Amino acid sequence: MLPLRPPYLLALFTLGFGAGLLGDHFHVATGTTRYFASAHQVPFLADSPLWFALAVGGATAGIAAMRAALPDVRTALDHRSAIGGVASVLALYALTAFLRGTPTALSTTMVSALAVIIWCVLGDRTSLRFGALAAVAGPVAEIVLARAGLFAYAADSDELGGVALWLPGLYFAFGIVAALLGELAATHADRSRPESTATA
Amino acid sequence: MLPLRPPYLLALFTLGFGAGLLGDHFHVATGTTRYFASAHQVPFLADSPLWFALAVGGATAGIAAMRAALPDVRTALDHRSAIGGVASVLALYALTAFLRGTPTALSTTMVSALAVIIWCVLGDRTSLRFGALAAVAGPVAEIVLARAGLFAYAADSDELGGVALWLPGLYFAFGIVAALLGELAATHADRSRPESTATA
Amino acid sequence: MLPLRPPYLLALFTLGFGAGLLGDHFHVATGTTRYFASAHQVPFLADSPLWFALAVGGATAGIAAMRAALPDVRTALDHRSAIGGVASVLALYALTAFLRGTPTALSTTMVSALAVIIWCVLGDRTSLRFGALAAVAGPVAEIVLARAGLFAYAADSDELGGVALWLPGLYFAFGIVAALLGELAATHADRSRPESTATA
């Protein structure tokens, strides 16, 4: 059995897909990243190759589903934490597009500190694991793709093996909020179940 | 009977008046907006025509009074939510003066996402209506005045019929916090009433 | 008797020491401040003279200890408030390094408003006093040292007797969070005490 029903997974995928396109547009429009010709062998949507939006959408739904399958889902969360969480990640994504030309320690501290605050407000012990997972897996995947010549970070923002040192902080916040969305989807699904399933 | 007593209305008007002058100074000083000669036919205070500060002060007191007249005023709010709310709107106002030359989707997302977070923390279902009202009425009024030739937004910040696309987000946050101030003024007035009115 | 045991004081000192070095690097790397030859008569660590890091570390431990000695220590605080508080001050410190060339009222309002929000979320009546103390003592000390010719703020950021007008806001947030750390250290120490002390 899936930990989340298909309509939830689809909604989460779509949210991540759209947020990925929007955020990637921030980076491309400010020259924080740029795609090379080799990336254009696949279709582009807005400023992004289709696989990027698919990957962000898939990661959103995937992390949410993994979280929903784990115990200790917080039931006191309401839709505000979801709305605020998504808004926080979008604002942080937007902030990272302002950081070209700033000293590395400065931009990294600012993004990482804000990501930590997002965890303090919206996270728990379990979401910390998903934040850490995203903070490692996301940058590693981007380093591999950058080395493969598909895209590059600007020369002043490529300190971490070719990607920006603030990138783990951004992915960390993403992982925290994707896990939170999984908790909300799980508890919302529970409440929407037909009453018969609640009989003892 | 007024929903809020005159001393409260005056304090709210004065707060909005001052915040309007300060925020407008941010925009003028950074070239985000500029007033034309036609605007100078009325007296200026600091960088703003008198009517601008009067309008912001009046809108603050007006929204607060409208909110106070509605049911479901939250009684658990304390002075921190008022202080934090006003500080949030001022910080967001200041942020909008940093956004010249940034891609439209980036600046709009950043301001709107932060405005949504302000709602998540400080708002409720009723304040959402005042946020929406302000987000529509404020920019519409500014579009009309900009078309009348009184002022203009910078050429890189005038995508919404002559005003910035982040402007609804800023007004939204303003409406949320003005409604919150109305709730606090209403409950504070209640507590300050002579005891006799509390007799059954 | 010390209000906080030595291991706590040492940890707080080390935290402040490190945060001071990091934040001062932000300012030096962006040209917000620069040290003159006369400052180099003492050893430097990273971009800072040793006394700066020692002073920030000492102020952190000192404020925390003073707070711990006062009544009404909040016992409901958890480690998240400490982590979020430290992250907030670091993010605000980083923000101040972005503000060169912006109008004084704009940068001052932004930093001060965010410092006030930090108080609204993490502070109480007592921490307000430590915030005020830091907001006065820190800038006064820096004004004295700047006048002594040890360092200077950039020409566009020296409106307050030679230091930036946003500096009190940054120190205010520092004082709020240092006091909070003192409360947490005091309650943590209580919990760690051998059980015998809890006997009636």
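Which ring does R80(B) lie over, and at what distance from the ring centre? R80(B) lies over the face of W119(C), 4.8 Å from the centre of that ring. Likewise, the charged end of R80(C) is found over the ring of W119(A), 4.8 Å from its centre. Here a charge sits over a ring if NZ of Lys or CZ of Arg is within 6 Å of the ring centre and within 35 degrees of the ring normal.

A word on the model: it is predicted, local features need pLDDT of at least 70, side-chain atom pairs count only at pLDDT 80 or more, and totals for chains, interfaces and linings use all residues. Residues are numbered from 1 along each chain as its sequence is written, chains are lettered from A in the order in which they are written, and side-chain values use heavy atoms, without hydrogens and water.

Now to the aromatic rings. Over all chains there are 24 aromatic pairs. Rings of Phe, Tyr and Trp (its six-membered ring) pair if their centres lie within 6.5 Å; planes under 30 degrees apart count as stacked, over 60 as edge-to-face and the rest as tilted. Two of the edge-to-face pairs are these:

| Pair | Centre to centre | Angle between planes |
|---|---|---|
| Y35(A) and F151(A) | 5.7 Å | 75° |
| Y153(B) and W166(B) | 6.1 Å | 65° |

Y35(A) is buried at 14% relative accessibility, and F151(A) is buried at 5%. Y153(B) and W166(B) are buried too. Buried means under 20% relative accessible area, exposed over 50%, and partly exposed in between (1.4 Å probe, protein chains only). In chain A, ring pairs join Y35(A), F44(A), F151(A), Y153(A) and W166(A) into a cluster.
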